[in-house]
Amino acid sequence: MPEPEQRNEASAPEGAGEPPKTAKQLEKERLKAEKLAKLQAKLDKKAAAAPAAGEKKEKPEKRTKEVKEAAVYTAETAPGEKKDLSGPLPDAYSPRYVEAQWYSWWEKEGFFTPEYGRPSIDAPNPNGNFVMIIPPPNVTGSLHLGHALTNAIEDAITRYHRMKGRTTLWVPGCDHAGIATQVVVEKLLWRDEKLSRHDLGREKFIERIWDWRREKGGRIYEQLKSLGSSYDWTRVAFTMDPKLCRAVTEAFVRLHEEGSIYRSSRLVNWSCTLRSAISDIEVDKVEIPGRTFLSIPGYDEKVEFGVLVKFAYKVEGSDEEVVVATTRIETMLGDTAVAVHPQDERYKHLHGKFVVHPFSTRRLPIVCDEFVDIAFGTGAVKITPAHDPNDYEVGKRCNLPFITIFNDDGFIIGDYGEFTGMKRFECRKQILIKLKELGLYRETLNNPMVVPICSRSKDVVEPLIKPQWYVNCSDMAASATEAVRSGALKIVPEHHTKTWYHWMDGIRDWCVSRQLWWGHRIPAYHVSFSDPSIQTGSADDEQYWIVARSEEEALAKASERFGVEASKIILKQDEDVLDTWFSSGIFPFSVFGWPDKTKDLETFYPTSLLETGHDILFFWVARMVFFGQKLLGKLPFKEVYLHPMVRDAHGRKMSKSLGNVIDPMDVIRGITLEGLHAQLVGSNLDPREIEKAKAGQKQDYPQGIPECGSDALRFALCAYITQARDINLDINRVQGYRFFCNKLWNATKFALLYFNGTEKFDTELAASEVVNQMDAWILSRLSAAIEACNQGFETYDFAAATSACYAFWLYDLCDVYLECLKPIFQSGSEQQQAAARRTLYVCLDYGLRLLSPFMPFITEELYQRLPRAKPAPSICVASYPSNVSWRSSKVESDVEFVQKAARIIRSARSDYNLPNKTKTEAYVVCTDPAPNEILKRYADDLATISYCSKVVFDGEAPAGCAILTVTGQCEVHLLLKGLVEADKEIAKLQKKRDQLVQTVGKLTQASQAADYATKVPAEVQAANETKLSESQAEIERIAAAIETLKLM
């Protein structure tokens, strides 16, 4: 580049008429030219470094903030040994570090057993006992967030009672889950080996399930331990353990002997895919709005539902016809009558006559029954007693034949010509075609309906008549109703008692037979004889069934009943197994060794509490009450607490096909999106649903799930608990509590710096010993938290308890008290520092104990590092705080007023963009001496928490202050002059105000739309109203701030 002087000379002729430039002008131009030269050099350098044309330009690496590797526990400590605490606390909270090693030590030390610290389990304890059993999770794989919720609540309750000094027992276990387990293993067998269970045979198939159970059952127990659940593992129970199998057999035999169990042929919910009866809880009632095609297992094409088909039956011996309608046209093959209302004038002349079945030689009587609705349809109803619950009752009342037209696999059986051997839904289409050919078809109408779907196999449930074993529930239901009405059994929340009474009032006998191989085989034996001269009964005849504890006992009973020598008797045990809920129903006492009179049974039965989800109030809770009262004469527990159901953040039910079923271990340890996808590929999910599930995962967890740790997950789940029926779990909220753990960690780590000597502390501190006024305040706030936590646990208000812990640690201890301690430890007297140290210790010790039931790992880690004078070996056996003698409403009220003033000052500082390190002066102006006296008393603390260099009272405020209103009688004048550049701040605030004005305009315009109230969801309207009011308030604050700045 040419020198500036040369350029000036060269350009001189053009401006020859211009006056010569002054030295000052020339110097200015020289500096400008130098600047341009530097810029050009920079551009040249950049151009030289640029890639040649056509070369792919590499993106510069982004400078990212250096992230430190999360700490992990690396000490060589054997399982069961206490964690090595000789090293310092890691810089930041790490769940992997904190949660290592503690559980195996707790378990080895026996902290979770009722024997701990007691001469014997039945030794009197003035604090009482607390006993609870696990709702045993199914052995079908791994736990989900519903199990995590159950364990978070139950472990918090258990740890609380243990810390209250009660003899505490929480019994772990696992359920064999008959249908669910058999279905999973059958799918795996087919997927891996292309074999069915029938190819293996019963014994070998059951061996396969045991192998699978040993693998999966262990995983479930490890997950429970990872959650920190404080079970007594010396008493773990599996529903197929020999001890529990014996109890199941004994219960069945006793109930049969006293007439509560009987055998009968009745309609059951039949799954053709499973070839088994299923319980009501395993039937999903799927509502469809009308004509709908559903995918059904075993069918290549989708099957039509949601239509009402009308067809005619010809009246025998006349030209008349009776038109009937059905949603299941294939069942007309099993029709044995047509029913009309006795008062229906249209059909009175047909009473006692017959209609002709078009596909068999059967004559169908026209019967009268008041169940028929005259106004519905044609007023005539086809009756299929063997395949419909309502028709079954009509069939019994009218003494009609019961004709079964389906076999166990859902194929047509009987003499029906071309239809025989067809699948039921193939038959549906063919019958329609044939009715049209015969001129009997009338019309098809759209019909909203409920389709019963088997939750296990996704097949349509078929009502079939089967000989099964039933439990007569009427007397047991009456006793269960009375137990709740009398208050002997308490159900919490109370609104669930309505459901209880509803179930009990409409109780039906319980079918306990399941056509499975995995489960407790029914201890019933069919009797036949080797001597042909002795009459043998059919399998339907209960007289020829013997219920016994063993084959030997059955043989003796049969010999006595029939008066036949044992050598001539042939016994065949029922192939069926019992409904899984049967063994679950006796779980509260089978785990303690019933029917033997064990020490455990005498000490721990009845239990204290049953905690579970409200969805199994009838299916499990009621049956435990039935069997407890019937077999032992005592309720199995005194209280039932029912928690809400876990749904995803969108309020959807957890479903594998939606991809929203989350393993709690993935929340605890974290997992990538790819990891979540990989789990789907390895699952039993239908390949067609895997892609749908992957899409769901990508939408909800685009970055995967961050590592949150067990403590954060447990705390989040308990914090969600309200009186609602469902909770919508958002993983972001769990992560929020992981940040809370970090705050807890840093606060304790910082506080421990004040304990630098060898002095040890205890929690014995009287209110009269308090020296510093903020010590009195924090102890009062601690008392409030203690009171709220104890009350929360006693009333099952976990949201209140977690909220109290959170608020004490975050808002009271961290935000206020630790800040106010800094000046004391910097410049306070020895007496003030000693008093502060003692108070701080009490806050840390009690604060950790309050949190311990919810967050056992982090609280143990930090508790063990406190300078404790009288240490409990573990926080989980330390006493739960109950001291509320420090409570002072006057102190709390005064400091709340100080905090209000501080918040207003901090808010103003934020408005003027003042950083915390820039201290301001505050001048308090009060027309009322009361607030003035409060703020004056806490002046140093007010200055500390509002970032002020000083707080001045009773003096005149200088010019250049922002005037802040605390109350009608109290103002704070905040000195800003010299701390802010007025013009710049005004420009910033005006820009912010303009943005807010736009926001207000848009929200106002949207809300004035004609269809706003009807089309916009209520929650969106509420959010818009909040945003509008907040924006308007901020505009007013900005206007005031601008006016203040203009005066500077």
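Predicted model: local features only at pLDDT ≥ 70, side-chain atom pairs only at ≥ 80, totals over all residues.
Let me begin with a word that we shall need throughout: a residue is called buried when its relative accessible area is under 20%, exposed when that value is over 50%, and partly exposed in between.

Is Ser590 buried or exposed? Its relative accessible area is 1%, and because the cut-off for buried is under 20%, Ser590 counts as buried. If we set aside its neighbours within four places in sequence, the residues in contact with Ser590 are Lys243, Leu244 and Ala247.

Let me now step back to the whole protein, whose secondary structure comes to 33 helices and 33 strands. Its radius of gyration is 39 Å, well over the 31 Å that the globule rule gives for 1048 residues, and therefore the protein is more spread out than a compact globule. Along the principal axes, the C-alpha trace spans about 135 × 90 × 65 Å. Of the 1048 residues, 50% count as buried, and the accessible surface comes to about 50,300 Å², of which carbon and sulfur atoms hold 51%. If we take the contacts with a separation of 6 or more, 77% of them are accounted for by residues 24 or more positions apart.

The domain assignment gives four entries, namely domain 1 (280-465), domain 2 (731-878), domain 3 (893-980) and domain 4 (987-1047). Taken over C-alpha atoms, the centres of domain 2 and domain 4 are separated by 41 Å.

A second example is the pair of Phe740 and Tyr806, which is tilted, with 4.7 Å from centre to centre and 45 degrees between the planes. Here Phe740 belongs to helix H23 (residues 731-751) and Tyr806 to helix H25 (residues 798-827), so this pair ties together parts that are 66 residues apart in sequence. The two partners fall into separate classes of burial: Phe740, at 3% relative accessibility, counts as buried, whereas Tyr806, at 22%, counts as partly exposed. Ring pairs also link Phe740 and Tyr806 into a cluster whose members include Tyr160, Tyr641, Phe715, Tyr737 and Tyr880.

The charged end of Lys436 sits over the ring of Tyr441, 4.9 Å from its centre, and the charged end of Arg733 sits over the ring of Tyr720, 4.2 Å from its centre.

Finally, let us look at helix H20, residues 673-681, where Leu673, Gly675, Leu676, His677 and Leu680 are buried. What covers these buried residues? The cover includes helix H19 (664-669) and helix H21 (687-700). As background for reading such a list, an α-helix has 3.6 residues a turn, so residues three or four places apart point the same way.

Conventions:
Residues numbered from 1 in each chain as written. Heavy atoms only, no water. Buried < 20%, exposed > 50% of the residue type's maximum accessible area, 1.4 Å probe, protein only. Contact = heavy atoms within 4.5 Å. Phe/Tyr/Trp six-rings, centres within 6.5 Å; stacked < 30°, edge-to-face > 60°. Helix = DSSP H or I, 4+ residues; strand = E, 2+ residues; numbered from the N terminus. Lys NZ or Arg CZ within 6 Å of the ring centre and 35° of its normal. Rg over C-alpha atoms; globule rule 2.2 N^0.38 Å. Areas by Shrake-Rupley, 256 points an atom, 1.4 Å probe, with all protein chains shown as cover. Domains from an automatic or database assignment.
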